[in-house]
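Keep the sequence and the structure in view while reading.

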Amino acid sequence: MARFSTPRGTHDILPADWPFWRFVAGHAEQAAQLFGYQRIETPILGPTELFLRTSGEGSDIVDKEMYTFEDRGGDSLALRPEGTAPAVRAYLEHGMARLSQPVKLFYIEPMFRYDRPARGRFREHHQFGCEAIGSEDPYVDVEIIALLAQLYRRVGLRDISLHINSIGCRECRPHYVEELVRHLEANREDLAERDLERLQTNPLRVLDSKEQQSQAVIEEAPSILDWLCEDCREHWKRVQHGLTLIDQPFVVDPRLVRGLDYYTRTAFEFLADTDGSWLAVGAGGRYDGLAEAIGGPPVPGIGFGMGVERVVAMVKDSGAEIPQQMAPDVFVAHMGDDAADRALVDVMRLRDRDIPAVMAFGQRSLKTQMKQANALGARNAAILGEDEIAGGTVTVRSLTTGEQRSVPEHDLVQDIAAEN
RNA sequence: GUGACCGUAGCUCAAUAGGCAGAGCCCUGGAUUGUGGCUCCAGAGGUUGUGGGUUCGAGCCCCAUCGGUCACCCCA
């Protein structure tokens with residue numbers, strides 16, 4: 001008989017993990033709402049074609065990371081690898097263009113990528129994502145970046161730096177890519193083999209290559225920022241101006257590019273310093289070409305995805321004090337069948353009055369029941385035994401002070417409520 | 001997907017040179033009848049990830065496989 005375990009690269013989120021998840025997700029939701037973003041939830045499954053169109057053939061996501069299958073009706077579906085395409089799909093499908101623009105959406109949902117697992121990289125991971133669709137105002141870019149930055153601060157993470165770039169639009173980027181290719185071709189003998197491959201498939205990606213051998217050539221490469229068209233240059237200028245206005249520090253990194261084709265103009269990453277190596281904990285950018293790519297009218301948009309597991313791990317490591325699960329106010333211990341009956345009734349009465357209460361199960365020694373009450377962090381133990389049954393009372397013991405008193409059973413709720 | 005390292009109880013880890021698989025934590029029971037935290041005693045819990053191989057004998061050596069980690073790759 002085989003033992004089952006979670007599929008490779010997937011994880012259970014256990015009760016012990018939940019305080020951290022609730023902390024991060026709660027702050028994320030709060031930040032999103034603070035900035036006027038509204039929650040959306042899209043199906044975990046999407047048409048394979050949707051992701052093919054938006055991520056682009058040749059991207060790693062499409063070529064080797066998608067969980068794709070044919071359903072019983074013959075449709076090709078995929079487990080959602082990222083959140084932006086479904087959000088824009090929903091925008092188009094539900095005619096959100098009629099709402100006041102931009103439409104600002106957020107989600108916290110699982111994403112799936114068939115990747116080889118490593119630290120901070122999973123086949124199923126959760127992303128907190130925000131999408132602002134329907135405006136190309138550079139301050140939308142500034143705002144959405146500020147939202148993420150504020151979230152990191154709220155969960156107590158320091159040492160996270162913002163790297164930002166503009167990668168132009170379909171007007172100006174092709175000219176730049178042409179120039180870049182010219183430069184790389186001229187120096188191909190100094191490029192690493194892997195980068196020669198990239199040169200063919202996705203020249204922009206050579207820029208963020210980590211190949212030692214290629215660095216000199218990359219240093220000398222033309223900067224896309226010098227090739228922006230008039231509109232893109234103005235947009236880029238305004239984004240930086242806005243970030244400066246709100247005192248958001250940033251590092252301009254002209255080599256920051258994107259793995260997904262539909263990104264335009266603003267591209268950004270939040271990098272965390274995790275023992276020596278940098279890990280992206282949130283990244284996003286503008287995708288003014290996405291809506292058209294999936295058959296809609298031209299609609300500008302910008303968004304980001306934040307890796308919840310990565311942020312949760314950092315919050316855990318930070319040693320911050322996280323609000324714990326609500327402990328019961330009352331643990332009802334009992335001895336004997338009659339007492340168990342009373343315990344069941346009393347615990348329900350307490351709950352009906354919004355007092356968190358749990359009862360002991362099974363027939364165990366009072367000592368053990370008290371131990372359990374203590375382990376659960378209960379503030380009080382209510383004890384029901386023969387004496388109490390006979391007298392119609394219940395013994396209430398404070399587990400914080402150790403004080404103990406006898407109260408009439410019908411006054412129990414009132415007695416506990418008064419104490420709070 | 002490539003390379004390297006690692007898999008022993010629910011958790012953290014022991015086990016000489018191939019020679020009976022252990023400890024702490026957790027859990028359960030108990031330490032004068034019905035009272036938690038500290039302490040003490042006892043118990044439960046294992047096909048040593050899995051499948052083969054070598055050997056009189058394998059947790060330890062070999063092969064495969066699964067899983068994890070690290071560096072690439074890529075990303076959140």
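A salt bridge is a side-chain nitrogen of Lys or Arg within 4 Å of a carboxyl oxygen of Asp or Glu. Arginine 405 and aspartate 415 form such a bridge, with their closest N and O atoms 2.7 Å apart. The model is predicted, and a search of the whole structure finds 21 salt bridges.

**Salt bridges**

- Because arginine 405 lies in strand 16 and aspartate 415 in helix 15, their pair ties together parts that are ten residues apart in sequence.
- Arginine 405 is partly exposed, at 30% relative accessibility.
- Asp141, Arg286 and Asp288 are joined into one network by salt bridges that share partners.
- Glutamate 409 pairs with arginine 342 in a salt bridge, the closest N and O atoms being 3.0 Å apart.
- Glutamate 409 sits in the loop between strand 16 and helix 15, and arginine 342 in helix 12, so this bridge ties together parts 67 residues apart in sequence.
- Glutamate 409 is buried at 11% relative accessible area, while arginine 342 is partly exposed at 28%.
- Lysine 237 and glutamate 234 also form a salt bridge (3.9 Å, N to O); they are three residues apart in helix 9, about one helical turn.

**Surface near RNA strand B**

- RNA strand B is surrounded by 46 residues, and the closest include Arg119 and Leu399.
- Sugar and phosphate make up 51% of the RNA strand B atoms within 4 Å of the protein.
- The surrounding residues comprise eleven nonpolar, 15 polar and 20 charged.
- Helix 13 gives the largest share of this surface, six residues.
- A polar side-chain atom of glutamine 404 is 2.9 Å from a base oxygen of RNA strand B.

How values were computed
Residues are numbered from 1 along each chain as its sequence is written. Chains are lettered from A and ligands numbered from 1 in the order in which they are written. This is a predicted model: local features need pLDDT of at least 70, side-chain atom pairs count only at pLDDT 80 or more; totals for chains, interfaces and linings use all residues. Side-chain values use heavy atoms; hydrogens and water are left out. A residue is near a molecule or strand if one of its heavy atoms lies within 4 Å of it. A polar contact is a pair of N or O atoms within 3.5 Å; within protein, one must be able to donate a hydrogen and the other to accept it, and residues adjacent in sequence count only if both atoms are side-chain atoms. Helices (H or I, at least four residues) and strands (E, at least two) are DSSP runs, numbered from the N terminus. Ala, Val, Leu, Ile, Met, Phe, Trp, Tyr, Cys and Pro count as nonpolar, Asp, Glu, Lys and Arg as charged, and the others, Gly among them, as polar. Buried means under 20% relative accessible area, exposed over 50%, partly exposed in between (1.4 Å probe, protein chains only).
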